[in-house]
Amino acid sequence: MTLLAPPHPLEKRVLLRRFPEPRTEPVWIDEYLRTDGYEAIRKALAMEPEQIVDEVKKSALRGRGGAGFPTGMKWSFVDRKSPKPKYVVVNADEGEPGTCKDRILMGYDPHRLIEGVLIGGRAIGANRGWIYIRGEYREYIDILDRAIAEAYERGFLGSNVLGTGWEFHLSTHTGAGSYECGEETALLESLEGKRGNPRLKPPFPATSGAFQCPTIVNNVETFCAVPDIILNGGEWYAALGTPKNGGTRLVCLSGHIERPGVYEVPLGMNLLTILNEIGGGVWKGRKLKAVIPGGSSSPVLKAEECDIPADYDSLAKAGSMLGSGATVVLDETTDMAKVLARLMKFYAHESCGWCIPCREGTTWLKKITARLEEGIGSERDIDTIDRISQSMLGRTFCPLGDAAAMPAMAIARKFREEILEKLSRADAFAPVEGAQPLVVL
Amino acid sequence: MANMVTLTIDGKPVTVPAGTLVIDAAKQAGIDIPAFCYYEGFSVQAACRMCLVEVEKMPKLQPSCALPAAEGMVVHTETPKVVEARKSTIEFLLTNHPLDCPVCDKGGECELQDMTFRYGLGESQFLEIKHHADEKQWSPLVFYDPARCILCYRCIRVCDEGLGVAALGLSYRGVSAEIIPNKGDHLECDECGWCIDVCPVGALTSGTYRYKSRPWEMNYVPAICTHCSNGCKTTLSVRNGEIIRSNNRDRSGINGEFLCVKGRFGFDFVHNEERLQSPLIRKDGKLEPVSWSEALKFVVSRVRETIERNGKFAVIGSTRTTNEENFYLQKFARQGLRTNNIDHHRSGDVITLVDALAGRTDALATVGDLYTCDAALVLGADLAQQHPLLAYQLRANWRHHRSPVFVVTPGPVREDQYAARSLRAEAGGEVERLEELREELKARQNLVVLYGASVKGEAVRRLVAFGDSLGIPVKYVCLVDYVNSRGAVDMGLLPHLGPGYKPVEIPGMHLDAMMAAPDLDVIWVAGANPLEGGREFASKNAFVIVHELFLTETAQRADVVLPSMSLYEKNGTVTNVCGEVQRTKAGPKVMGTKSDLDILGLLAAQLGFDIGIPSQEKVLDEIRRTVRGYNVPLPVLATGGAAQAAVLNGNVPVDAQPEQVRPSGDTLFTSGTLGKYSKRLAQLMEAPGRLFQP
């Protein structure tokens, strides 16, 4: 299993609070119970469901999957009085390139996720939950399955949760390897055993989700934040971050950085502080060229744009997004045409093909950028990339089209000169001397 | 109405029921919003993004096919932003499209071409290598070229939602995504070919039409499908007297776009090389080709001679000739040959039903009623196999209105998939199980009952009595087998009933009696095959005159064979299973053949029978004047509509002879004599695993 790095002094570990020391073993149930595990669900079982939702609302917790939708609000959309069964679905598909936080949570602290799901289930009146986990996470699936079995054994899951008479069942459901299935409605289709195509919204999952029943779908990290919110109160959690951006969040540092890994920081910490202090700065003493701040779909930030607080609103203002917290660092030797080509190859491969702009647009972008990577092309190609991206933005069926268009547009605009220079070089075909392959992408 | 909303589309106020999609509301206002994946009556996909429109107070362009109209909504459908989006969608579509329009079947009637004409950029920035995948053959009739496919998913939806067959699915992803048969590499389906018709581009092509013609080279002839009794309108594409294809993409007629495999592909019997193209006369025991004049002279002399010596005639009519021909035939028999020995192959007990419902109005259902009724009851019939249009209507009614269907049949049928209740009963015993459904049926607003050939005689009366006892309006459909089976009954091809169910004074022999009678002098078979399956006329020495398309068992026994036209080659009217009269027009031409009306007319003139001018219009005029219930409005017929004959205005005080009712037992892929001579249908029958099992 991936080694969890020792905590950095600037970190604020809430979700990772059980890991003051580096370790390799997950927290199994006995250890979990010793460190006030399953206290939050005991507390939640004594609360009214509305109170749970209110507490989550107060915490200003926003979805950690990428879109950043306020979690409490999402839960409040579920009609608890509906005669239909309600469901809880954990999005553990973690497909956004650069993202590696959910596996840390599932791999080290699986009971925290189970407890978070239980609280979510209690809040909406559900009796059934699934953890939809990507198939590549075989070892984490095994860990979760063992943890779920432990929880059943101790009565935290089952037909009579902690003797309250409330029934809640949970199991893992393995995905088959599709980025698109991280989109909540495509995930639900896949969960139902269908092709992972996104669904038309509305209706949103809160009204008609899994098997056409009210459903909440949240990211692993989101659920993992819930137990501490219930234990310590929403205000406590909110105060950890900035207004409207409650709490802490996990940052996945990767790329050309000295200390790659997963760190937990309060929302709003300066991006450069994260990179230079916690991550130890750009590797090999090189200069920073650019940062992809929130997973591969977030528009790239040039080095000079990085001096901003890393929270949802500040990054949005800077024209990018916090996304899944996957921060990819690119040093001065990076060939941006290559970065662009690699990203576009990914999106063309992962487009489900459902709608025209995404299916054709991502493929076209892949083909152009593959040429540019080889140094074949002209200025017009860069204009075409921009035009294709604009034709995709906001016009595709689901956000995958936007996810491909945004980084394409950002790189083509911000590094236009660099790409042009590459195209003009006689030896454009030769690799740039000393260029390093990206670690994560 | 309370739940109406008013929105503004391109400055025009439009009032529609709440929940109406903006694309439909626009249509109502006369504004055409282009779309590929949107298909009326099927589920919304919102995949093609062509129908994006600008809605005030919404930041993004919205797909109008998925956007319900709301009060006060302001929609713009042709702003520069919208047009730009459509241009880019077309540009995207064309990046990997092969643009092989010059040889594509769809060229000239392609929605992608039309849309490119309307929104295309005219030049392309696409410099890359196009994605390609090879063409595949899924069945003898269906080919798929993924390179041309724009993935609108219409084919998947008509097959799954429309027909309940679900033979098609989607495979792979991204630019490699393509439609595949759910059986992997071949289709196991009804082979109806609807997927080909709904394809907006040339991705799905028909095995019978591909690379044969350009759409503008053909004449389009509105005809009625000559196979089953449902009476689907089909538009024949005719070039140089040959039918090239058959479809109903103009959605005219009672069936809209629906056609089954027989309607869409089963026309090839017309041009079968075994078609008779010259009259035949038996000389020295062998049938020899002769000229029409010689053949007619021969018939006239034998008939005149038989009349003179008071010989016995028997006439067997057809279930596939027009109403005009049937009417003229019975007149020819009754007034010319002076016999009531006339009958045809009866496949449903219409007579008892007409008697049991005598004097009522609105007690016979139309094909349209099957889509609007509140519940339907199917007795003793496999609708999906034998009455595909009726099956489709019931399914659509369930799909759109959740109207339940109740089924009582001897074996499993496809309607079981969605039926509210499916009961099994032995053939003939269906009515006995109806009590079990009483409470559920009583709770509905109205009901349509469809019954097959096993419900006949007293069972029909018990069925009507049961319907009456429910206390709700009930309409009936007596299921019959062939295109004009119902018309043959209405036109009096019966030994005891003249046209319009008028009893004759001295009833003649019914079909079984004719077959068994040892002393007939002349047996006249106008387009039927009573000797099918090795049967024989007991009158060994009878002179047999046969009008036929092919040398059938009956034609082989004949002394004179007169080559006649199929329904596709002549003008006239036919009456479908629901009693709806429709006009059909002549499309192809087959040399050497004559219509039954012409044959009878020529003979009548030479024999000196004064039975009216044998012109289709004149005979139709006489039918409208004299046959009960057939005063159908001509403008309806002339405009391709269906007018239901009102035959229920008096008792029919005769024995209905229910023992004469014999179902033909055809399936989706058979069609009596015509089916045997349709190589395509035969080909499908032979293909293993092709038949969809319920």
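This is a predicted model: local features need pLDDT of at least 70, side-chain atom pairs count only at pLDDT 80 or more; totals for chains, interfaces and linings use all residues.
Three residues stand out on the domain 2 side: K289(A), S296(A) and V300(A) supply 43% of the area that domain 2 of chain A buries against domain 3 of chain A, more than any other three residues.

To place these pieces, chain A splits into domain 1 (29–239), domain 2 (248–331) and domain 3 (336–425). In the contact, domain 2 of chain A and domain 3 of chain A put in 12 residues each. Their C-alpha centres are 22 Å apart.

What about charges and polar groups? Between domain 2 of chain A and domain 3 of chain A there are 2 salt bridges. E305(A) and K414(A) also pair up through their side chains in a salt bridge, at 3.1 Å from N to O. For polar contacts, the count between domain 2 of chain A and domain 3 of chain A is 6 residue pairs. On the side of domain 2 of chain A that touches domain 3 of chain A, β7 (288–292) and β8 (301–302) of chain A each supply at least two residues. Sort that side's residues by type and you get 6 nonpolar, 3 polar and 3 charged.

## Where the two chains meet

Now zoom out to both chains. How much area is buried between chain A and chain B? It's about 2,900 Å², with carbon and sulfur atoms giving 53%. Chain A brings 35 residues to this contact and chain B brings 37.

There are 4 salt bridges between chain A and chain B. R371(A) and E128(B) join their side chains in a salt bridge, 2.6 Å from N to O. The interface of chain A and chain B also has 21 residue pairs in polar contact. On chain A's side, the elements giving two or more residues are α13 (336–350), α14 (356–373) and α15 (379–392) of chain A. Which of them gives the largest share? That's α14(A), with 10 residues. By type, the residues of chain A that touch chain B come out as 12 nonpolar, 12 polar and 11 charged.

## A tucked-away helix in chain B

Over in chain B, have a look at helix α4 (residues 154–162). Why is α4 of chain B described as largely enclosed by the rest of the structure? Because 8 of its 9 residues are buried. Among them are C155(B), I156(B), V158(B) and C159(B), but also R154(B), R157(B) and E161(B).

The cover over those buried residues includes the helices α3 (111–119), α5 (194–198) and α12 (388–401) of chain B, along with the strands β8 (168–171), β9 (178–181) and β10 (204–206) of chain B. After α4(B) comes G164(B), which has a positive phi near 75°.

## Domains 2 and 4 of chain B

Chain B is divided into domain 1 (4–93), domain 2 (111–271), domain 3 (280–346 + 484–671) and domain 4 (350–479). The C-alpha centres of domain 2 of chain B and domain 4 of chain B lie 33 Å apart. Their contact takes 16 residues from domain 2 of chain B and 11 from domain 4 of chain B. The area buried between this pair is about 1,100 Å², with 55% from carbon and sulfur atoms.

One salt bridge turns up across the interface of domain 2 of chain B and domain 4 of chain B. R414(B) and D190(B) form a salt bridge, their closest N and O atoms being 2.6 Å apart.

Conventions:
Residues are numbered from 1 along each chain as its sequence is written. Chains are lettered from A and ligands numbered from 1 in the order in which they are written. Side-chain values use heavy atoms; hydrogens and water are left out. Domain bounds come from an automatic or database domain assignment. Contact means heavy atoms within 4.5 Å. Buried area is the accessible area (1.4 Å probe) that two parts lose on being put together, summed over both. A polar contact is a pair of N or O atoms within 3.5 Å; within protein, one must be able to donate a hydrogen and the other to accept it, and residues adjacent in sequence count only if both atoms are side-chain atoms. Helices (H or I, at least four residues) and strands (E, at least two) are DSSP runs, numbered from the N terminus. Ala, Val, Leu, Ile, Met, Phe, Trp, Tyr, Cys and Pro count as nonpolar, Asp, Glu, Lys and Arg as charged, and the others, Gly among them, as polar. Buried means under 20% relative accessible area, exposed over 50%, partly exposed in between (1.4 Å probe, protein chains only).
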